[in-house]
Amino acid sequence: MLFLSQCINGLQLGSIYALVALGYSMVYGIIRLLNFAHGDVIMIGAYIALLTIGAGVNPALAVVLTILGCVFISVLIERVAYRPLRSAPRISLLITAIGISLLLQNLAQLLFSANTRPYPGAAIIPTKALRLGALSLSLSTIVTILVSVGAMTALHLLIQKTRIGKAMRAVSEDTGAAQLMGIDINKVISVTFAIGAALAGMGSVLFCCRYPIVNPNIGSMLGLKAFVAAVLGGIGSIPGAVVGGFAIGFAEVLVTALGFSAWTDAVVFVILIVVLLFKPAGLLGRGVAEKV
Amino acid sequence: MKHYRQIPFFLRYIINAAVLVGFLLLGNGILSSGVMNRAQSSVVLQIGIYVLLAVSLNVATGYLGQLPLGHAGFMAIGAYTAALIWKALPGKSPAVIVLGLIAGGLLSAVFGILIGVPALRLKGDYLAIVTLGFGEIIRVLIINLPGITGGTPGLMSIPKHSSFLVVYITVIVSCVLIHTLMKSRHGRAILAIRENEIAAEASGVNTTFYKVLAFTVSAFFAGVAGGLYAGYTGILTPGNFTFMTSINILVMVVLGGLGSMAGSIIAASILTALPLALQSFNKYRMVIYALLLIVVMIFKPSGLLGRYDFSLSRILEKIINGQLFKKSQKAGEEHA
Amino acid sequence: MKNVNSNMVPLDGLGIIPERDAGTPPILDIRHLCVDFGGLRAVDDFTLLIGKTEIAGLIGPNGAGKTTVFNLLTNVYKPTEGHILLNGQDTRGKSMHQLNQLGIARTFQNIRLFSGMTVEDNVKVGMSHGYSDSVLSAMLRLPSWWRTERRQHIRALELLDLFNLADKANTLAGNLPYGDQRRLEIVRALASEPKLLLLDEPAAGMNPSETQGLMENIRMLRDEFNIAIMLIEHDMSLVMGICEGIAVLNYGKIIAKGTPKEIQSNPVVIEAYLGEEAVK
């Protein structure tokens, strides 16, 4: 029974990682940028929920505002900071992304102080437990898993069945050719950032319901691990991000269950390095050769 | 056309050496005379340490063109190694001090090879994330091996060996060694990889070897700087070596100009001294750093000095040829 | 002009090489080379011999797979089938820089100079083997560093002088005019003392008088350095003017091999080119 409840635990954590990892993977797939600021957008989302609920806003509306806020900030970042650098060397783009991440963290620190505050998770998802025989499941676990699976299915349908999804696939395959075919690259990139950020917004709410604390740094570790998940699964690959997310979630729960909770962060990175050593393109990714 | 007079090599060496020795004597005189208060003289030492950290990161970032994000990890390895050696060996003899610094650098270089060989097979972004992961692993190791490292509370009562002369002689020697490396066929191979990796490989450059070499040299000097840091603070905690430390060093290199040693030195000096000069600025320091990074990347991606490298002899040559204020036709030219 | 207009003679029934090279084994012996890209056969059954001091041409319409052949020869791509003998040595499994040491140097269709480095340094990077000064001796400026630097400096200026680039030694390569950049790439390739020089569209973007100069340069290289040169080129006056053996590639397959005269009158070649010529 302990084993089963740990599995469900891993499933919950894994689905949060997967949601966040999708944002990394989609953005990387489309503009080959490791968007360091993605994790910090999640942190901003957490503050939005905290402040709006604190101001008496209906929790359901607060969740919507969180997601919209994340989308707004992400699209704004792409517009202001990444777009001018689209043809610049990759290292410039990467340093800019690091700069944005730093900026968000430190602005949050200036505006909201560095103190850790409690997150009103209970207002969003009531702390109830369901009993299934000897197994006890919290409501937040069930909601997390259902929402994640729903969001991933919706994303899959969007990418495979819709026009914009087709355009996104085309841009990620060959930006130049897509442009020649009349696809509005800027719009597709904005939409990609928006979708990634919407998933991050959901991830923000679900993550904070599980660990109900907020400070300016909560996004960076979550972001890093989700990024590791994306790389592990094969960056640019949507199913890869999901597989990677669950793999990291389960690994972390396993390490903690074995009594090595102080080592979880190190284990996550060791997994990353080992995978990249033997399968540089990740579990489901494909290598791309440079044209000579 | 009049012949351009050049200063012979041996004379250049004498001039440069004289300037550096003069700087050391002057600095040491000022510090030991007590003109500066405690805080000021400690900033002078910090500047030296951060200059070496920035110059060493510049080898991997500016010259090789990769983006490692775990420089604090290499610094930590050097710092703890030197600290443990100094704690074990009593005395303040130069041999002990040098032993600690070099051992720190070497162990750091070994880790540089261990992490570099797999990481450098990967493309740029992956390298960034693997080195970032490496930095985190080192930090977790430090926290979880309290028997050796003192754990979270830290490693205490490390002999404070980092006097002005120790810091600045080390920094100058390191910078000179990096400079001479870059002005050799090995250095040119490293630069060629940054410029065009495929063309470098096709021209016969063993790119794997030179990438690992640049990475290892970068790690070695970061380790040495870590040793200086240990001898300066006297106490090491894992909190000294976070991701933010790596980012701080990166900001210095980027602002100074990727690939410019002079730029790294100037940026490291200014960014280390500034918080002391402007106490109220401290609250906004990180926000300003972040904005600087973004603005510089968008408007002047080559950094403040670009790839310019300062050369005293070149300026002297211009003076003796009466061309100081004429714009050089050979822009970007570099002398040995 | 000792080498020009040598007769072409058959070798082992596989191809033709210049008569003067008949006594020595061919520098390049390519047999049945094939490469697939995701189910598409980009190069198919490519067999070719190149004599020790031959100037060979590889021509064909755009997209025929010419650059792919160069990439196979320099191990940028791994062949699916077939093998390549360079000076009798199998090149399989060698890395690009090892192949350079074995004697292949190349230029690129889309120029790949080290544009942030000086012209002289570009050439010095090409001198990648035959020097033994260690990293440590460079850092400490030991005598071996001084020797290497002096040797490389003198050699670089000699090579640059061949292409009238010596007075631009201190210019940044990226600031050179286009034609100079193409020629600098050739000098850089020469610096590694190749036995076989691969030139990918060396005359692209050059005007007729520059092309004329380039033709003389290429002949001079072969005569001075006694090396084989294989070039891809669309400028037919250059190809027909200096190449001794020519292979025509279309859809990844060799459709004709022979001397310039034979190629010019070959109906298959004319047909393959007709579409292109008609558009012009």
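Me: In this predicted model, which residues of α2(B) meet residues of α12(B)?

Reply: On the side of α2(B), the contact is made by Ala39(B), Val43(B), Gln46(B), Ile47(B), Tyr50(B), Val51(B), Ala54(B), Val55(B) and Asn58(B), and these meet Met261(B), Ser264(B), Ile265(B), Ala267(B), Ala268(B), Ser269(B), Thr272(B), Ala273(B) and Leu276(B) in α12(B). By class, the residues of this contact divide into 13 nonpolar and five polar, with no charged residue. In general, an α-helix has 3.6 residues a turn, so residues three or four places apart point the same way.

Me: How should I describe the way α2(B) and α12(B) cross, and at roughly what angle?

Reply: The general idea is that two packed helices are described by the angle between their axes and the distance between the axes. Here the axes of α2 (residues 38-63) and α12 (residues 261-277) of chain B come within 8 Å and cross at roughly 145 degrees, and the crossing is right-handed.

Me: What confidence does the predictor give to chain A?

Reply: The mean pLDDT of chain A is 90, and 97% of its residues reach 70 or more. Among the elements of chain A, strand β2 (residues 129-132) has the lowest mean pLDDT, 81, while helix α3 (residues 59-82) has the highest, 96.

Me: Where does a residue other than glycine take a positive phi, and is that residue buried or exposed?

Reply: One of the cases is Ser113(A), whose phi is near 70 degrees and whose place is in the loop between α4 (90-112) and β1 (117-118) of chain A. Ser113(A) counts as exposed because it has 11 C-beta neighbours inside 10 Å, the cut-off for exposure being 12 or fewer. In chain B, Ser157(B) has a positive phi near 40 degrees and is found in the loop between α6 (146-149) and α7 (164-182); with 9 other C-beta atoms within 10 Å, Ser157(B) is exposed.

Me: Why is helix α1 of chain C described as largely enclosed by the rest of the structure?

Reply: Eight of the eight residues of α1(C), residues 66-73, are buried, so the helix is largely enclosed by the rest of the structure. The buried residues include Lys66(C), Thr67(C) and Asn71(C), as well as Val69(C) and Phe70(C). After α1(C) comes Asn75(C), with a positive phi near 60 degrees.

Me: Which domains does the assignment give for chain C, and how many residues of domain 1 are in contact with domain 2?

Reply: The domain assignment gives domain 1 (1-103 + 194-280) and domain 2 (114-193), and 27 Å separate their centres, taken over C-alpha atoms. Eleven residues of domain 1 of chain C are in contact with eleven residues of domain 2. The elements that give two or more residues to the domain 1 side are α2 (96-102), β9 (196-200) and α7 (208-225) of chain C, and α7(C) provides the largest share, three residues. By class, this side of domain 1 has six nonpolar, four polar and one charged residues.

Technical notes:
Residues are numbered from 1 along each chain as its sequence is written. Chains are lettered from A and ligands numbered from 1 in the order in which they are written. This is a predicted model: local features need pLDDT of at least 70, side-chain atom pairs count only at pLDDT 80 or more; totals for chains, interfaces and linings use all residues. Domain bounds come from an automatic or database domain assignment. Two residues are in contact if their C-beta atoms, placed from the backbone, lie within 7 Å. Helices (H or I, at least four residues) and strands (E, at least two) are DSSP runs, numbered from the N terminus. Ala, Val, Leu, Ile, Met, Phe, Trp, Tyr, Cys and Pro count as nonpolar, Asp, Glu, Lys and Arg as charged, and the others, Gly among them, as polar. A residue is buried if 20 or more other C-beta atoms lie within 10 Å of its own, exposed if 12 or fewer, and partly exposed in between; C-beta atoms are placed from the backbone. pLDDT is the predictor's confidence in each residue, from 0 to 100. Axes are lines fitted to C-alpha atoms, for helices over the stretch in contact, and angles run from 0 to 180 degrees between N-to-C directions. A crossing is left-handed if the near helix is turned anticlockwise from the far one by less than a right angle, and right-handed if clockwise.
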